[in-house]
Amino acid sequence: GKNTALELARRLGMHAAFGLEFIEMVNGEDSKGFHGNAIFSRWPIRRAKAVRLPEQYNWYFDRQRRIGGRLAVLAELDVAGKPVGVGTIHLENRTHGPGRQAQLEAVLAEAEAMFPGLPVVLGGDLNKHTFEGRDKDAIQAVAGSPELQRRCLEDVSAWEGCLPAAEKMGYRLLPDRARPTRRKPLPGGGCLELRLDWLLVRGLEAGESRTVSTRRADCGFAPPGSALA
């Protein structure tokens, strides 16, 4: 029942723009949760819009029941008097590569119309599994094959058409190194390392790019017995 994006922005001393993706409906005992996508910026936000993506999966009939759909949030920032376009993207995990490509191409078209001639940074959870997110057989096959695991980390662009589509539009892909950004737990134990989160940069150079691990062993700030631990 809280405006989480607004509270985070106030605590961080940042500007924010929030777009509502889903209303979560699983737990009838709780007030409905708002699941969305946000931009946080140290720089003023001149204008922003939510971009609804082509539907690739209907979550209302899923065990994680929701009303809504995937979206991106685009915003024009005032960076020391210069306009810069930014976007945060959440592509569908429960679809295949062509479905995600259709969604990202919709974002790229909107960014082209909203930010003509501006430097642009787009990024977020692109869900680049390199397989259909609901396909349990594919998940098990990848988990049992070092060759297929390399596909998920090193050869993502060969299996996910949206990344080459972004490059054709003049975007550079970050991170450059094949490091995982998600570790998907497996039913029998262990995890599958995936490279799902990306930055797409055009018209500027990134002075620094790095991946910050969220593994508990790497964090060091979760007190024993806490919810985070």
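A salt bridge, as I use the term here, is a side-chain nitrogen of Lys or Arg within 4 Å of a carboxyl oxygen of Asp or Glu. With that in hand, and bearing in mind that what you see is a predicted model, let me begin with Glu160 and Arg100, which form such a bridge with their closest N and O atoms 2.7 Å apart. This pair links distant parts of the chain, since Glu160 sits in the loop between α5 and α6, Arg100 belongs to helix α2, and 60 residues separate them. Glu160 is buried, with a relative accessible area of 0%, and Arg100 likewise counts as buried at 0%.

Both of these residues are also touched by Thr130, whose contacts, leaving aside neighbours within four places in sequence, are Arg100, Arg151, Cys152, Val156, Trp159 and Glu160. Thr130 lies in the loop between β7 and α3, and at a relative accessible area of 8% it is buried.

Looking at α3 and α4 as a pair, their axes are 6 Å apart and cross at an angle of about 105°, which makes α3 roughly perpendicular to α4. On the α3 side the contact is made by Ala141, Val142 and Ala143, and on the α4 side by Leu148, Gln149, Arg151 and Cys152.

How many salt bridges does a search of the whole structure find? The search finds 14, and I will pick out two further examples. Glu92 and Arg70 approach to 3.1 Å between their closest N and O atoms, and because Glu92 lies in the loop between β6 and α2 while Arg70 lies in the loop between β4 and β5, the pair ties together parts that are 22 residues apart in sequence. Glu92 is buried at 2% relative accessible area, and Arg70 counts as buried at 6%.

The other example is in helix α1, where Arg11 and Glu7 lie four residues apart, about one turn of the helix, and form a salt bridge whose closest N and O atoms are 3.8 Å apart. Here Arg11 counts as exposed at 73% relative accessibility, whereas Glu7, at 32%, counts as partly exposed.

Helix α1 also holds Leu12, which at 53% relative accessibility counts as exposed. Leu12 forms a nonpolar surface patch with Leu8 and Phe40, and the three together have about 260 Å² of accessible area.

Technical notes: Residues are numbered from 1 along each chain as its sequence is written. This is a predicted model: local features need pLDDT of at least 70, side-chain atom pairs count only at pLDDT 80 or more; totals for chains, interfaces and linings use all residues. Side-chain values use heavy atoms; hydrogens and water are left out. Patches are made of residues with over 30% relative accessible area and no salt bridge: like charges are joined within 9 Å, nonpolar side chains (Val, Leu, Ile, Met, Phe, Trp, Tyr) within 5 Å. Accessible areas come from the Shrake-Rupley method with a 1.4 Å probe; for residues, only the protein chains shown count as cover. Helices (H or I, at least four residues) and strands (E, at least two) are DSSP runs, numbered from the N terminus. Buried means under 20% relative accessible area, exposed over 50%, partly exposed in between (1.4 Å probe, protein chains only). Axes are lines fitted to C-alpha atoms, for helices over the stretch in contact, and angles run from 0 to 180 degrees between N-to-C directions. Angles under 35 degrees count as roughly parallel, over 145 as roughly antiparallel, 65 to 115 as roughly perpendicular and the rest as oblique. Contact means heavy atoms within 4.5 Å.
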